[in-house]
Number of protein chains: 2
Amino acid sequence: MVTDRKPAPLPRVVIIGGGFGGLTCARALRRAPVSVTLVDRSNHHLFQPLLYQVATGGLSPANIAAPLRSIFHRQQNATVLQGEVVGFNLPAKRVLLADGTLNYDWLVVATGATHSYFGKDEWAPAAPGLKTLDDATDIRARVLRAFEQAERIDDLQEQRRLLTFVVVGAGPTGVELAGALAELSRHTLKGDFRRINPADARLVLIEAGPRVLGPYDPTLSAKAAAYLHRLGVTVLTQKTVTRIDARGVVVRDAAAEEAIPAATVLWAAGVQSSPLAQRLAEAAGLETDRAGRVPVGADLSLGAHANVLVLGDMASCVGKGGKPLPGVAPVAIQQGSHAAAMIRRRLRSQPSTPFRYYDYGSMATIGRSAAVVSMGRLKFAGYFAWLTWLFVHLMQLVSFENRVLVLFQWAWSYLTRGRSAWLITGKDTRPTASAAAPSPTP
Amino acid sequence: MVTDRKPAPLPRVVIIGGGFGGLTCARALRRAPVSVTLVDRSNHHLFQPLLYQVATGGLSPANIAAPLRSIFHRQQNATVLQGEVVGFNLPAKRVLLADGTLNYDWLVVATGATHSYFGKDEWAPAAPGLKTLDDATDIRARVLRAFEQAERIDDLQEQRRLLTFVVVGAGPTGVELAGALAELSRHTLKGDFRRINPADARLVLIEAGPRVLGPYDPTLSAKAAAYLHRLGVTVLTQKTVTRIDARGVVVRDAAAEEAIPAATVLWAAGVQSSPLAQRLAEAAGLETDRAGRVPVGADLSLGAHANVLVLGDMASCVGKGGKPLPGVAPVAIQQGSHAAAMIRRRLRSQPSTPFRYYDYGSMATIGRSAAVVSMGRLKFAGYFAWLTWLFVHLMQLVSFENRVLVLFQWAWSYLTRGRSAWLITGKDTRPTASAAAPSPTP
């Protein structure tokens, strides 16, 4: 007998964060019998692996970002909310927003990471990091303003400082930033200035560890260092930064302390979990690890709260060999799929399964036409690695329009070394510098 | 007999402003025996006629801007300086910069216009105008934030206020802005939200004069008004704005005063010359006109200073029939060519000639697929006018790369109503609004 009754309301899945993890999870639930709400502070998903290209003028913000509403336009079971999450009430199954609350049956938290200045937050104004579109356009404007000021100044010492660019941290982001800055000053800006030669710019990449691309295979690190050297980047390894201010950077090694006067310092050294990780851990009665990450179970669930899943850069998840998984996009993407699978399984009363990370490899590009790629036992570098890098990144861009536009802009700038995205926008955010060189700490 | 002597230094032409006038003048001097220095506050030339498309998410900043250095890359006799001009010493032939001076033999001043709030500068925070890339991305973020907040709010009255968009001034910019906002809310955002219907947005275009597109032929004004009506824009003519604040707008006509609660108000009503016009006029012992423009001679020269030429929106230049020329791109472009010709003639000791403006017509677009075009006696509207508008604007973009990219993005968004440039960036700059409606002035 058919009765005329209302269907039971769908289980509510609230996903916090529209990065790789949250986005993948929400999309993987598109045919699940749930109602999905994706909450993010910003209105767009950002393809962070290419953010350094916006910071160095190769691409435009719209090329690497896609509005979340546009991504979920056709996914009828998904709602997008732009909002600021401030806390959690796990027993009541409630997310606290800056201006309201959201009830959930399932909660997925994936708010990623932010820069860490290792307790030296006073370095932030002089050494911005690269996490958002606003960071990228701010860095782009800083770099350009330095060249513009150098063109106008007569004081040779100050001109030298303006033409010195320091990148702190030689992980993939630092290496890619330094490579792109080298490409820019050596080639793209050639002939654009009349009084300075941009190729005279001094590029310094500072790394506390013994080599660039520390987590990669040593042979690839050596290749990357060689490419950087060829591009004219001075790589300083085993140097600790002891001071950053508007005048520049002071570094120290076992032997001595050295001041590097520089108008532009970029921070690519440390990340820590977003502040929400701390609040989530507290709400669950857990402790975050040293990087501020939330410990999760094998199935990504949060302690005793089986209906809360944590993933991406903010989750401390142990991989093969007991080592924590790295904070990279593939981990977040695979965890997003896994979280969605866990929800679907549990809705069918099936037990959850442990998350397993498949490491397809890692890669980094150094300037134009060179990259290093590590895929399982396969490790290669050079032009073919660069094409691989190009292809993989292009295919992962979330919208087809962006894929076509980015391909066009890459092809264009490869052929012409064009620089249409080379715009100074926004207010000058640099701290005021005296012309004096930074002095070593007393 | 050949003597080994240095060539005489080239006459120095300093051009202030990299808009249509300054850019055209500098490029027209590329083969002249002069040394050109182009000074601009920003590092890019901006194609202002398409700025409203950035403000409404159709195009990206880099699509309509081109770095000045890139434009003059190959022009060996041209130098670009990013700098802030603060004054003039005409007897000493010297331009005063915020941090230095520039000597000239010829001076071309073309710094354009800025918004005018008719003495009500306190309206500016609540009703931004559209002149720079930063203005455009700020307006884009305001419009988007209003939709995002409306989606989240329960208070129906406040939701209505958030979904009300007011454009003040129905000249070409105001009409194009209102049309683009209508297109956006009626079509582009369709299906993107779950709780609000963006098509319910109320769009109000306020004009103090008797009709939209006042300077155009009345038949075209009527066509434009009809297109706006079809797109659901409420056009209020012969209404004076008496108040703008964070709550909305108060308008008045002969009969009564009315409050229009609105979270987003855009200013397209008035322009005045850039502040430099005043300083230049003072330096020359002249008085600016009501709009702050500098009176110029028939050959665009400044009073007794035959070696100073003033052009574009900041010049008060009389056209046929004694009417001052309008502040539009074609006037600035033709004056830029004329200024360059004057310099070349005088270098050959030829007398200067009066400037004559050739009016090729004017056009404005209203949403997707409709425009009005007036070319001499030819006046037409509709789809073909829109194609004309498209073609003319595309061909005028300064770099080929931008032409291809803009064509692609237009084709793409025409076919898909895509919105890749639909990004919220930057800080929220809106003044805080209480939920109360604005009250008529006492």
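Me: How many residue pairs are in polar contact across the interface of domain 1 of chain A and domain 2 of chain A?
Reply: This is a predicted model, in which local features need pLDDT of at least 70, side-chain atom pairs count only at pLDDT 80 or more, and totals for chains, interfaces and linings use all residues. Side-chain values use heavy atoms without hydrogens or water, residues are numbered from 1 along each chain as its sequence is written, and chains are lettered from A and ligands numbered from 1 in the order written. A polar contact is a pair of N or O atoms within 3.5 Å; within protein, one must be able to donate a hydrogen and the other to accept it, and residues adjacent in sequence count only if both atoms are side-chain atoms. With both residues at pLDDT 80 or more, the number of pairs across this domain interface is zero.

Me: Which element gives the most to the side of domain 1 of chain A that touches domain 2 of chain A?
Reply: Helices (H or I, at least four residues) and strands (E, at least two) are DSSP runs, numbered from the N terminus. Here α1 (20–28) and β10 (113–115) of chain A each supply at least two residues. With three residues, the top contributor is β10(A).

Me: What area do domain 1 of chain A and domain 2 of chain A bury between them?
Reply: Buried area is the accessible area (1.4 Å probe) that two parts lose on being put together, summed over both. Carbon and sulfur atoms hold 62% of the area between these domains, and the total is about 420 Å².

Me: And what is the area buried between chain A and chain B?
Reply: Contact means heavy atoms within 4.5 Å, and 48 residues of chain A are in contact with 48 residues of chain B. Carbon and sulfur atoms give 52% of the buried area, which comes to about 4300 Å².

Me: How many salt bridges are there between chain A and chain B?
Reply: A salt bridge is a side-chain nitrogen of Lys or Arg within 4 Å of a carboxyl oxygen of Asp or Glu. One of them joins B:Arg69 and A:Glu148, at 2.6 Å from N to O. Between the two chains, the count is four.

Me: Which element gives the most to the side of chain A that touches chain B?
Reply: Across this interface, 20 residue pairs are in polar contact, both at pLDDT 80 or more. Elements supplying at least two residues each include α5 (133–152) and α12 (400–416) of chain A. With eight residues, the one giving the most is α12(A).
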